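Q: I have a model open and want to learn how to read its features. Can we go through a few of them?

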Amino acid sequence: MTRWSWVIDQTKCIGCHACTTACKSENDVSVGVFRTWVKNVDVGTFPDVRRHFAVLRCNHCEDAPCVEICPVTAMYQRPDGLVDFNEDTCIGCKACMQACPYDAIYMDPETDTAAKCNFCSHRVDEGLLPACVVVCPVEALVFGDIDDPSSAVSRARAANKVTVRRPEQRTRPKAFYIGANEIALDPLGAQHHGIYAWADRRTDGQRLTVNGKRSRLLSTFNRQPSTVAYDIPKARPWGSKVSSYIWTKSIAAGAALVPAIMRIAGQRITHPLFARVAPAIALIFLAITGVLLVADLKRPERFWTILIRPQWRSWLARGAFVITAYAGVLTAWTAACWMGSEQWTGLLAWPVAFLALFTAIYTAFLFGQCEGRDLWQSRFLAADLLVHAPIAGLAALFVAAPLVHGSELMVALRPWLGGALWISMMIALMDAYGHHPTANAAAAAHELVKGSESGLFWAALIGGALLPAAILLFAPSDYAFAAAPLSLGGLWLYGHALVTAGQRPPIS
């Protein structure tokens, strides 16, 4: 069986960008985005400085994380190994961009769908070479069947020592480099400045050196004097909508989880705070969660396709079904609570509690599929989100309690909220200061606790966890309810810091 592959000979590459322009022309690639590009890195100290080139594009991985995370199979792997895409089914969730460890995927501004290098599959299917291979003036790009010992690719690999980009990701990439400079291939190997010799660089995607001030992130990880002399703009795919979705989802899960656990423990939940307000809060915030998820899509009109043709390996697809199931059970639970049916509230308490917990933590598995963002691969994330649900639920009930004369009922729950806040803070600190197995994870953690997101991180831990926990555990009852809004604010700040910091380090 044919398995197409690249060998990129950087000892021949002259950095002419012919491959970039040919790709744009052949595939009608929009202005501002690229399927293949040439990164220039200057290494050394004057006068001993040399410029190195690195031709970057999709690696057509054997174990392609973009294919696994795509909820609607818009990214797919062909039998010949080519990782291709279908713009007619893409919903624009941007998950594939987070999953790609090589920054090879972009959102097409014309179609609002994901796109990338596909080996010029339309040419390959006709027996032609990809456009970039045809135009390369020094034949630095070699394309062929990796399983055919007589192919140019196999011969080049046999005759030379080859390397791949970011081997620690274990994606088994099929783009092999001959003679590539290690720093040019390493995303953290060189300083990134805000301006090049002939172009300004957009700096929204990462912390860079601007106005002569060196980035603390990159200066920590640079191994020797080196500067990126040319690269393409990079985007940060997920922002405040994703941070807010994690927050509203925690409230939606926790608000129902509290009375459900009380009912499982054999307590009656006849008071309006638990029988009416709590289910209503859960339903409202679950609806807001759905709105945020759809609003973050580039093609929101296609959101329903996740439910009719899901790609079951994707936790984005699985999560859609978890939320849908939770919405159905929560609606039935709300009706039973409002009607005062002891029998049905007892029967539904178990599935409500289970689906509430699953709704709270499934995002950890989704983030775990984002192979490009190593900070999110944390073993603590599921536990963190698990604790966030009761914190959010109890805090929301504390805020709502005075409206239905339920403040006295919440007094007994003060230690539970305070204890959960302490646990959450400990988990966050262990995650931030614990062992980080890759340079990308360590760089993102550096940004979280000492860099661009440190203000949000410490405000969340001190103002949103430590202070309200102390108030709940030690302050008089009259001051205890001030802890609830602080806790809710801290959860959002922490989630936003985590989402943003994970996307700070460059990955190409």
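Q: Which helix holds methionine 426?
A: Methionine 426 is found in α16. This is a predicted model.

Q: Which residues make the nonpolar surface patch?
A: Trp422, Met426, Met430, Ile462, Leu466, Leu473 and Phe474 make a patch of about 670 Å². α16 (414-433) and α18 (454-474) each supply at least two of its residues. The largest share, 4 residues, comes from α18.

Q: How do I read the sheet with β1 in it?
A: Strands of a sheet pair through backbone hydrogen bonds, either parallel or antiparallel. Here 4 strands form an open sheet, in the order β8-β1-β10-β9, with mixed pairing. The edge strands, β8 (141-145) and β9 (162-163), each pair on one side only.

Q: In what sense do β1 and β8 pair?
A: Antiparallel, over 5 bridges. Isoleucine 8 has leucine 141 in β8 as its bridge partner.

Q: What about backbone angles?
A: Most residues other than glycine have a negative phi, and most peptide bonds are trans. Aspartate 28 has a positive phi, near 55 degrees. Cysteine 120 also has a positive phi, of about 50 degrees. A cis peptide bond joins phenylalanine 46 and proline 47, with omega about 5 degrees.

Q: Where do aspartate 28 and cysteine 120 lie?
A: Aspartate 28 is in the loop between α1 (18-27) and β2. Its relative accessibility is 65%, so aspartate 28 counts as exposed. Cysteine 120 lies in the loop between β7 (113-115) and α4 (121-124). At 7%, cysteine 120 counts as buried.

Methods: Residues numbered from 1 in each chain as written. Predicted model: local features only at pLDDT ≥ 70, side-chain atom pairs only at ≥ 80, totals over all residues. Heavy atoms only, no water. Patch = residues over 30% accessible without salt bridge, like charges linked within 9 Å, V, L, I, M, F, W, Y side chains within 5 Å. Areas by Shrake-Rupley, 256 points an atom, 1.4 Å probe, with all protein chains shown as cover. Salt bridge = Lys/Arg side-chain N within 4 Å of Asp/Glu carboxyl O. Pairing = 2+ DSSP bridges. Buried < 20%, exposed > 50% of the residue type's maximum accessible area, 1.4 Å probe, protein only.
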